[in-house]
Amino acid sequence: MKPGTTSSACIALLRRDLLLVWRRRGDALNPLLFAIIVVALFPLALGPETTVLARIAAGTIFVAVLLAMLLSLDALFRSDLEDGSLEQLVVSPHPLALLIGCKIFIHWLTTALPLIVIAPLLAQLLQLPSQVLPVLMIALALATPLLSLIGAVCVALTVGMRRSGMLLTLLVLPLIVPALIFGAGACNAAQDGFAYSAPLLWLAAWLVLSIIIAPLAAAAALKISLS
Amino acid sequence: MNPLVLWFHKLGSPPYFYSFAGRWIPWLYGIALVAAAFGFYGALFTAPADYQQGDSFRIMYVHVPCAWMGLFAYLFMAVNGFIALVWRIKLSETLAMASAPIGAAFTFITLVTGSLWGKPTWGTWWTWDARLTSELVLLFLYFGVIGLYHAIEDRRQAARAAAFLALIGVVNLPIVHYSVIWWNTLHQGQTVSLIGPSKIAPSMLWPLLTLAIATHMYFFASLFARARVALLELESGKEWVRALLPVTETSHD
């Protein structure tokens with residue numbers, strides 16, 4: 001049997017993953033609910049004072065979004081490992097890094113994009129000043145793909161473990177600290193009326209680097225875990 | 001073959017390394033002990049008190065060598081991890097994983113002594129400045145490597161996966177090192193440098209360097225001891241281990 005072209009393999013993989021998410025679209029909403037609940041807990045704990053909430057709004061939303069994505073990362077390769085399709089990806093004649101890149105893209109599309117879409121709602125819950133909202137959206141748009149990419153490398157290392165949740169948190173969180181610092185830092189700078197483009201540019205530069213390296217690293221890690 | 005290259009190749013063999021490390025461990029511990037005794041004598045008695053910080057600066061003699069070792073152990077782990085991933089050398093896997101707990105311990109000591117030093121000089125136990133934060137991230141990276149290594153059943157696969165994670169974490173090393181230059185931090189800048197003159201009085205410098213030698217020697221002694229045990233475990237079915245250990249279970253048949 002002649003193998004198809006690489007682009008057709010990617011399209012097939014993208015369609016399959018999207019279809020799988022669509023068939024279980026209730027599960028896809030879980031990260032959103034988690035983020036909303038986490039954000040809602042802060043006013044309950046700190047009191048509803050507007051100035052306090054506005055001060056911590058950007059950072060809180062950032063942390064909530066990162067945690068919500070982290071929870072969903074665990075399942076990135078799980079079903080594929082269980083039904084054996086992950087091995088098929090590894091032994092397929094197409095570059096594994098590209099296929100993994102497609103999977104990471106779907107992960108970002110189905111978990112991070114909805115979170116970015118509801119970010120204005122979260123911002124309203126925490127009384128974020130309206131001029132900071134665009135900066136927050138841009139920072140999230142740059143930081144969430146970073147988390148998907150770096151997280152995928154760590155998931156690839158822990159794939160096949162039964163209880164990988166806590167360990168995955170331990171592996172991923174130190175590596176995404178810079179994304180959090182720069183992302184939330186840009187929002188805080190915007191809130192204080194300072195220039196905020198430098199941290200955003202750093203995030204963008206790091207994202208470009210990760211888009212190139214992370215799929216390759218994830219593919220290498222996957223080969224180690226499945227060997 | 002060049003004798004040095006030949007020796008290096010031989011060192012990759014577990015039985016050769018086992019006996020080599022066994023010979024060196026007492027010497028390394030001995031040098032570490034003597035250097036530490038000299039260094040602490042210099043640090044506590046001959047070095048003058050700082051004009052600004054008084055005697056509290058003397059905790060530097062524990063803090064700084066441990067901080068260097070925290071970075072050194074990580075670099076050592078990453079280099080060995082790279083060798084293990086590229087050339088699949090068993091000894092490098094063992095060395096990389098043996099250096100992780102030692103490096104984590106040194107990093108932990110650095111954070112604790114830094115915190116004790118920060119209280120009298122900065123007036124706070126902890127501050128979220130760039131050097132402290134990146135050092136904390138370093139500690140978490142160590143924990144991640146150790147955690148991943150122990151979470152996977154197969155020892156060799158575990159070592160390769162953890163070595164890969166260690167390689168990813170290397171990006172943090174320059175951040176730790178240059179954090180005092182890149183950001184305007186509360187932590188003081190670099191005073192001792194390998195290249196160019198150091199900004200520290202010679203009477204204060206020599207105990208520091210002696211203690212740095214002591215920590216390096218301790219690192220290698222501890223590393224060798226850990227690697228020996230790990231090799232015995234890894235190679236427990238092999239002939240050389242059986243020849244080495246006293247045979248008890250086969251005596252009755």
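Residues are numbered from 1 along each chain as its sequence is written, while chains are lettered from A and ligands numbered from 1 in the order in which they are written. Because the model is predicted, local features need pLDDT of at least 70 and side-chain atom pairs count only at pLDDT 80 or more, whereas totals for chains, interfaces and linings use all residues.

**How confident is the model?**

The model scores ipTM 0.85 and pTM 0.88.

**The fold of chain A**

Chain A has ten helices and zero strands. Here helices (H or I, at least four residues) and strands (E, at least two) are DSSP runs, numbered from the N terminus. The radius of gyration of chain A is 18 Å, close to the 17 Å that the globule rule gives for 227 residues, so chain A is as compact as a globular protein of that length. That radius is taken over C-alpha atoms, and the rule is 2.2 Å times the number of residues to the power 0.38. Along its principal axes, the C-alpha trace of chain A spans about 65 × 35 × 30 Å.

Buried residues make up 41% of the 227 residues in chain A. A residue is buried if 20 or more other C-beta atoms lie within 10 Å of its own, exposed if 12 or fewer, and partly exposed in between, with C-beta atoms placed from the backbone.

**Where the chains meet**

Two residues are in contact if their C-beta atoms, placed from the backbone, lie within 7 Å. By that rule, 16 residues of chain A are in contact with 14 residues of chain B. These elements each give two or more residues to the side of chain A that touches chain B:

| Element of chain A | Residues |
|---|---|
| Helix 8 | 133-158 |
| Helix 9 | 165-191 |
| Helix 10 | 197-226 |

Helix 9 gives the most, with seven residues.

**A closer look at two spots**

Helix 9 of chain A also has a kink of about 45° at A:Ile176, shortly before the proline A:Pro178. The bend at a residue is the angle between axes fitted to the seven residues ending there and the seven starting there. Just after helix 9, A:Gly193 takes a positive phi of about 80°.

A:Ala75 lies in the loop between helix 4 (50-73) and helix 5 (78-82) of chain A. A:Ala75 counts as partly exposed because it has 14 C-beta neighbours inside 10 Å.
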